[in-house]
Amino acid sequence: MRVMVMVKATTDSEAGVMPSTELLEAMGKYNEELVNAGIMLTGEGLKPSSKGKRVAFDGPGRRVIDGPFAETRELVAGYWIWEVKDMDEAVEWVKRCPNPMPGPSEIEIRPVYTMEDFAESLTPEVRDLHERTEERLAGREAGKS
C-alpha cells in the first residue's frame with residue numbers, strides 16, 4: 001500500500017522559520033530508518049505558500065492565484081511517499097517521527113490510488129497509456145541512481 005504522509009503547515013513554517021540543527025539531525029536519522037526499512041520512497045520539505053501559486057479551474061478557464069494562502073492548518077509543509085503493508089504500519093511509523101515543528105503539529109496519512117481503483121473506467125488503451133507513463137518515470141528514476 002502506498003501512502004502520502006503530509007506534515008501540516010504551522011504559523012512558523014509559513015513564516016519561513018527554518019528547523020534547528022537538532023531537528024534536522026533527528027529527521028535525518030528518522031528518514032534513514034525509513035529508507036533502511038524499505039518504507040520511504042521519497043520525501044521533501046516545502047517552502048512557505050507565499051512562494052507558491054495555485055491555478056483555479058472553471059471549465060476551460062484558468063486563473064492563477066499567488067500565495068500566501070489562507071488557513072495555514074490546511075496547508076502542507078512537507079511530505080513523504082511510503083510503501084507500507086497497511087495503514088496501521090504507516091501510523092506506527094508516524095508515531096516514531098520527531099515532532100516536525102517547534103510547537104504543536106500534525107501529520108496526515110492518505111492512501112494513494114492505484115490503477116486497480118479505477119478498473120471500472122479503464123479501457124485497455126487508457127491502461128496502456130498509464131503503464132507507459134509509469135515505465136518512463138521508473139526509467140527516469142533508475143537513471144538517477
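Glu71 sits in the loop between β4 and β5. The model is a predicted one: local features need pLDDT of at least 70, side-chain atom pairs count only at pLDDT 80 or more, and totals for chains, interfaces and linings use all residues. Residues are numbered from 1 along each chain as its sequence is written, and side-chain values use heavy atoms, with hydrogens and water left out. Helices (H or I, at least four residues) and strands (E, at least two) are DSSP runs, numbered from the N terminus.

Glu71 has a phi near 60°. That is a positive value in a residue other than glycine. Its relative accessible area is 44%, so Glu71 counts as partly exposed. The classes are these: buried is under 20% relative accessible area, exposed is over 50%, and partly exposed lies in between (1.4 Å probe, protein chains only).

Pro68 lies in the loop between β4 (61-66) and β5 as well. A cis peptide bond joins Gly67 to Pro68, with omega at about 10°.

Glu71 also pairs through its side chain. Its partner in a salt bridge is Arg73, at 2.5 Å from N to O. Arg73 is exposed, at 57% relative accessibility.

### Salt bridges

How many salt bridges does the structure hold? The count is nine. A salt bridge here is a side-chain nitrogen of Lys or Arg within 4 Å of a carboxyl oxygen of Asp or Glu. Side chains of opposite charge can pair when their charged atoms come close. Three of these pairs are tabulated below.

| Pair | N to O distance |
|---|---|
| Lys8 and Glu108 | 2.8 Å |
| Glu25 and Lys29 | 3.2 Å |
| Glu71 and Arg73 | 2.5 Å |

Take the pair of Lys8 and Glu108, which meet in a salt bridge. Lys8 belongs to strand β1 and Glu108 to strand β6, so the pair ties together parts that are 100 residues apart in sequence. Lys8 is buried, with a relative accessible area of 10%. Glu108 is partly exposed at 24%. A network of salt bridges links Lys8, Glu108 and Arg110.

An α-helix has 3.6 residues a turn, so residues three or four places apart point the same way. Glu25 is partly exposed, at 45% relative accessible area. Lys29 is partly exposed too, at 48%.

Which residues of helix α3 (residues 87-95) are buried? They are Ala90, Trp93 and Val94. These residues cover an arc of only 100° around the axis, which puts them on the same side of α3. The arc is that of the directions from the helix axis to the C-beta atoms.

The buried residues of α3 pack against β1 (2-8), α2 (21-36), β5 (76-83) and β6 (107-111). Contact means heavy atoms within 4.5 Å. On the face turned away from the buried side, α3 carries the exposed residues Asp88 and Lys95.

### Ser13 in helix α1

Ser13 is part of helix α1 (residues 11-14). Is Ser13 buried or exposed? Ser13 is buried, with a relative accessible area of 13%. Leaving aside neighbours within four places in sequence, Ser13 is in contact with Pro48, Ala77 and Met101.

### A nonpolar patch

Val55, Phe57 and Val64 make a nonpolar surface patch of about 310 Å². Patches are made of residues with over 30% relative accessible area and no salt bridge; like charges are joined within 9 Å, nonpolar side chains (Val, Leu, Ile, Met, Phe, Trp, Tyr) within 5 Å. Accessible areas come from the Shrake-Rupley method with a 1.4 Å probe, and for residues only the protein chains shown count as cover. Phe57 is found in strand β3 (residues 53-58). Phe57 counts as exposed, at 57% relative accessibility.

### The annotated span and helix α4

UniProt, in an unreviewed entry, places the feature "domain: YCII-related" at residues 1-113. UniProt positions are given in the numbering used here, feature names are shortened, and annotations may be inferred rather than shown by experiment. The span of residues 1-113 is 26% helix and 34% strand. Its end C-alpha atoms lie 9 Å apart.

Glu134 lies in helix α4 (residues 124-144). Glu134 is partly exposed, at 46% relative accessibility. The C-alpha atoms of Glu134 and Met27 are separated by 29 Å. Along the chain, Glu134 and Met27 are 107 residues apart.
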